[in-house]
Amino acid sequence: MVRIRKALDGLPSYRPGRPAAAKAGAEQAFKVSSNENPYPPLPGVLEAVTATAESMNRYPDMFATGLVAAVADRFGVPPEHVATGTGSVGVLQQIVQATATEGDEVVYAWRSFEAYPIVVGISGATAVQVPLAPGARHDLAAMADAITDRTRLVVVCTPNNPTGTAVHRDELAEFVRRVPEDVLVVVDEAYREFVRDPDAADGLELYRDHRNVCVLRTFSKAYGLAGLRVGFAVAHDDVADALRKTAVPFGVSGIAQRAAVESLAREAELLERVEVLVAERTRVRDELVAQGWEIPHTEANFVWLDLGDRTVDFARYCEGAGLVVRPFAGEGCRVTVAEPEANDRLIRLAADWRAR
């Protein structure tokens with residue numbers, strides 16, 4: 001029998017959101033389990049992708065030079081501080097590979113992004129999960145207390161997936177001051193474009209003042225390029241260089257690179273769509289709160305329903321009515337803010353559930 005690394009024993013597999021399948025004679029089904037942007041690509045982006053596809057027989061630019069330059073210009077950082085990868089989770093895996101191995105520790109909040117224990121487990125490092133504080137928010141004081149001389153990496157997900165809560169600027173700054181300078185702090189901001197809280201932290205502000213801060217962003221969510229898998233990190237020279245060393249060669253396709261560049265060029269138009277989703281987010285949360293649900297204040301493109309041991313039953317109830325949500329058994333359901341029709345159905349089903 002082939003020898004497989006013991007680090008993989010018991011490692012969970014990533015569970016993608018299930019597709020929505022409409023039943024004969026039933027209403028249209030909606031998939032609101034993957035935090036996807038419901039809008040199709042902008043016309044200019046689609047045209048650029050189509051043109052680039054004509055050269056798919058060639059390898060892409062391995063270092064994504066054009067995309068790196070566009071990101072650097074957009075965010076006002078040196079190009080050498082930008083590293084790309086297959087979505088922000090792909091870049092995170094590069095980070096873990098570059099910083100942690102057997103005997104090391106990685107600290108993060110829990111519940112948070114379900115890929116964290118997977119990428120940490122693959123490296124052989126030990127995951128140190130710090131429970132969320134009341135309100136489903138990061139307990140940064142407890143996370144700082146959890147750091148030991150074995151800690152190599154700390155991940156702060158803001159807004160937090162799946163609860164939607166955002167870390168505030170002052171509390172993140174204080175947290176970074178408590179982290180040893182040789183421990184990397186990764187601020188995972190996959191949903192940053194949806195944030196409207198003026199007190200919410202911006203990882204790029206801290207990165208500029210702290211060499212041990214790395215910021216993750218993605219084109220999968222607000223930019224609507226989930227199917228192309230392209231994300232990036234902004235970090236200082238030594239970290240960014242390490243991420244290029246641990247990247248899969250040619251991992252970000254030429255099509256993905258071109259689509260991301262074109263999306264940045266059309267950002268104003270694209271962010272108009274984000275504003276519509278933010279308005280829908282407010283409407284959905286307000287309606288659910290009015291029904292009696294306790295919904296954490298969300299700064300992402302989803303809402304969190306704390307259902308405890310009724311989580312799976314609620315997910316099945318929704319699926320039976322053509323709405324596929326994302327259950328975390330024993331904890332709650334994450335539901336993406338999507339088309340108004342899908343959001344209306346969530347509101348109706350949530351009300352019906354409470355009335356049962």
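Predicted model: local features only at pLDDT ≥ 70, side-chain atom pairs only at ≥ 80, totals over all residues.

Q: Fine. Which residues go into domain 1 and domain 2?
A: Domain 1 takes residues 17–41 + 267–355, and domain 2 takes 43–265. Taken over C-alpha atoms, the centres of domain 1 and domain 2 are separated by 25 Å.

Q: How many residues of domain 1 are in contact with domain 2?
A: On the domain 1 side, 24 residues are in contact with 28 residues of domain 2.

Q: And what area is buried between domain 1 and domain 2?
A: About 2400 Å² is buried between domain 1 and domain 2, with carbon and sulfur atoms giving 54% of that. Pro41, Glu267 and Glu299 together supply 29% of the area that domain 1 buries against domain 2, more than any other three residues.

Q: How many salt bridges are there between domain 1 and domain 2?
A: The count between domain 1 and domain 2 is four salt bridges. There are also 15 residue pairs in polar contact between these domains, both residues being at pLDDT 80 or more.

Q: Which elements give two or more residues to the side of domain 1 that touches domain 2?
A: Those elements are α10 (267–291), β9 (302–306) and β11 (326–328). Helix α10 gives the most to that side, with eight residues.

Q: OK, β11. Where is Arg326, and is Arg326 buried or exposed?
A: Arg326 is in strand β11. Arg326 is buried, at a relative accessible area of 4%. The Arg326 side chain makes a polar contact with the side chain of Glu114, at 2.6 Å.

Q: What does Arg111 form a salt bridge with?
A: Arg111 pairs with Glu331 in a salt bridge, and the closest N and O atoms are 2.6 Å apart.

Q: Changing topic. What does UniProt place at Lys221?
A: The UniProt record, an unreviewed entry, places the feature "modified residue: N6-(pyridoxal phosphate)lysine" at Lys221.

Q: Where is Lys221 in the fold?
A: Lys221 is in the loop between β7 (213–218) and β8 (231–234).

Q: Why does Lys221 count as buried?
A: Because the relative accessible area of Lys221 is 16%, and buried means under 20%.

Q: What does Lys221 touch?
A: Not counting residues up to four places away in sequence, Lys221 touches Ser34, Asn35, Asn37, Ala190, Tyr191 and Phe194. The Lys221 side chain also reaches the backbone oxygen of Ser34, at 3.4 Å.

Q: How accessible are Glu205 and Arg169?
A: Glu205 is partly exposed at 37% relative accessibility, and Arg169 is partly exposed at 35%.

Q: What about Arg217 and Asp202?
A: Arg217 forms a salt bridge with Asp202, with the closest N and O atoms 3.4 Å apart. Arg217 lies in strand β7 and Asp202 in the loop between β6 (184–188) and α7, so the pair ties together parts that are 15 residues apart in sequence. Arg217 and Asp202 are both buried.

Q: And Arg266 with Glu262?
A: Their side chains meet in a salt bridge at 2.4 Å, N to O. Arg266 is partly exposed at 28% relative accessibility, whereas Glu262 is buried with a relative accessible area of 15%.

Q: Which residues do shared partners join into one network?
A: Salt bridges with shared partners join Glu189, Arg192, Asp202 and Arg217 into one network.

Q: Last one. Where is Ala127, and what is Ala127 in contact with?
A: Ala127 is found in strand β4 (residues 126–131) and is partly exposed at 32% relative accessibility. Leaving aside neighbours within four places in sequence, Ala127 is in contact with Val106, Tyr108 and Val120. Ala127 and Val106 are 21 residues apart in sequence and 5.1 Å apart in space, C-alpha to C-alpha.

Definitions and conventions: Residues numbered from 1 in each chain as written. Heavy atoms only, no water. UniProt positions renumbered as here; feature names shortened; annotations may be inferred. Helix = DSSP H or I, 4+ residues; strand = E, 2+ residues; numbered from the N terminus. Buried < 20%, exposed > 50% of the residue type's maximum accessible area, 1.4 Å probe, protein only. Contact = heavy atoms within 4.5 Å. Polar contact = N/O pair within 3.5 Å; in protein donor to acceptor, adjacent residues only side chain to side chain. Domains from an automatic or database assignment. Buried area = accessible area lost by both parts, 1.4 Å probe.
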